Amino acid sequence: MAGYGGDMQWCFSQVKGAIDDDVAEADIISTVEFNHTGELLATGDKGGRVVIFQQEEEQNKNQLQFRSEYNVYSTFQSHEPEFDYLKSLEIEEKINKIRWLPQKNAAQFLLSTNDKTIKLWKISERDKRPEGYNLKEEDGRYKDPNSITSLRVPVLMPMDLMVEASPRRVFANAHTYHINSISVNSDNETYLSADDLRINLWHLEITDRSFSILSYLWALISVQPPIKLKLDSIRIWILHAAPHPNHSKHLWVLTGCPSDIVDIKPANMEELTEVITAAEFHPHQCNTFVYSSSKGTIRLCDMRISALCDRHSKLFEEPEDPSNRSFFSEIISSISDVKFSHNGRYMMTRDYLSVKIWDLNMENRPVETYQVHEYLRSKLCSLYENDCIFDKFECCWNGNDSVVMTGSYNNFFRMFDRGQRRDVTLEASRENSKPMQVLKPRKVCAGGKRKKDEISVDSLDFNKKILHTAWHPQDNIIAVATTNNLYIFQDKVN
């Protein structure tokens, strides 16, 4: 398998989580995400917890083929179960997505969301404590003011490192349906959140409303003296205006209640034919985002053209092969994940059976298609009966966009080398969890005579599945989630 220009083997590094066969529902991992440097790795689970792992510095500099390990850095309860009394609806605490914000100071910030509520968390360190108070003792008891005869200057004393997670913002009450995506904009000031029928645009500093330019556009145009407007993301920049004390550098345009930039809800819900499955901002262009649908289409929207992006700028759709048409065609064509490449030129989509790479300049068909588990096409009926056909697999790019990775069943995960057109199937299991043990490629026999090292498609365990994967942004380190375990693998250069 090629990664950064050379052949490589993948070896086991770590596994996190209990070994017990009886897995509690709350311990099932529901999302995995590296931060922008790869130093931190966050996981969310169905119990509403967020666990952050930190990459420790290498102890043995001579051991070049093996990198440092990830150890627990912080654990906190992000969401609690709630009940909507107006709709008589339980809101699960399960963490659907985690997204890191680029680091600007000593603290780290991340967004986490369940079905309804998004929270902005600050992760900070504290290794000093103040001592030498004037009005209270060191144990916290207040002194008698009459006993104070002199003033002391408090000093900061070293203490054991303590990592604190504190909620800075709570973005709530803007989604009627379950949130499936959040994505931070390249301007690092705004982000989007998507549910089945709507996409909202938020500012990180404002929690009680999301944004719409359309509502106030005509009012701004009528401002005297006349001003020339340029739409850039959700800001309206004043390019030419006569000096005026009330004119600011730019104007934020707010609505009085949460509003959306995409709304595909029909007037009559019986006419509903598709839902939004995923959405993501372009990594470099703050005005561009894409969203995918259950019909297998991807729409690219440009907020410079229209504030309300119900009309897309581009529609990416591949014509269906009539020979593969079946009762399950619409289900398996539903896109479960969409990711831009790091350079912003391509985007990757994952449907039930395949991964597709699209060039943003070509809408009629993908430039690359990789079959993840085509051998399951003959098993779609049984997969429909046990609901596995509705599983939502994620996908990810490596740091230089040359390799893509996604999960499969039986705790298998697949890698596709785009340059050399090679692929490999690897397995995350306790049997292959010896330190530095090289992973052996696995093969599935779809029919006929099975070879020695092959696995029959009939013996695959569909209860073991890898839905969530993440790739270190700079190194060949990957994280894959198997039910309640997090496996970390890395390359072993020949």
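Which side chains does a polar contact of 2.8 Å join? In this predicted model, the side chains of D115 and N96 form that contact.

Figure 1. D115 is buried but takes part in no salt bridge. Residues touched by D115 include K94, N96 and Y177.

**Figure 2. The open sheet with strand order β2-β3-β4-β5.** Its four strands pair in antiparallel fashion. β2 (29-34) and β5 (70-77) each have a single partner strand, so one side of each lacks a neighbour in the sheet. On average, neighbouring strands are turned by 20 degrees against each other, direction ignored. Five bridges connect β2 with β3 (residues 40-45), and within β3, G44 is the bridge partner of T31.

**Figure 3. The salt bridge between K97 and E394.** The N to O distance is 3.0 Å. K97 belongs to strand β8 (residues 97-100), whereas E394 lies in the loop between α3 (380-385) and β27 (395-397), 297 residues apart. K97 is buried at 11% relative accessible area, and E394 is buried at 9%.

**Figure 4. The salt bridge between D263 and R198.** The closest N and O atoms are 3.2 Å apart. D263 is in strand β18 (residues 260-263) and R198 in strand β14 (residues 198-203), so the pair ties together parts 65 residues apart in sequence. D263 is partly exposed at 22% relative accessibility, while R198 counts as buried at 19%.

Definitions and conventions. Residues numbered from 1 in each chain as written. Predicted model: local features only at pLDDT ≥ 70, side-chain atom pairs only at ≥ 80, totals over all residues. Heavy atoms only, no water. Pairing = 2+ DSSP bridges. Helix = DSSP H or I, 4+ residues; strand = E, 2+ residues; numbered from the N terminus. Axes fitted to C-alpha atoms, helices over the stretch in contact; angles between N-to-C directions. Buried < 20%, exposed > 50% of the residue type's maximum accessible area, 1.4 Å probe, protein only. Lys, Arg positive; Asp, Glu negative; His and termini not counted. Salt bridge = Lys/Arg side-chain N within 4 Å of Asp/Glu carboxyl O. Polar contact = N/O pair within 3.5 Å; in protein donor to acceptor, adjacent residues only side chain to side chain. Contact = heavy atoms within 4.5 Å. Lists of a residue's contacts leave out its neighbours within four places in sequence.
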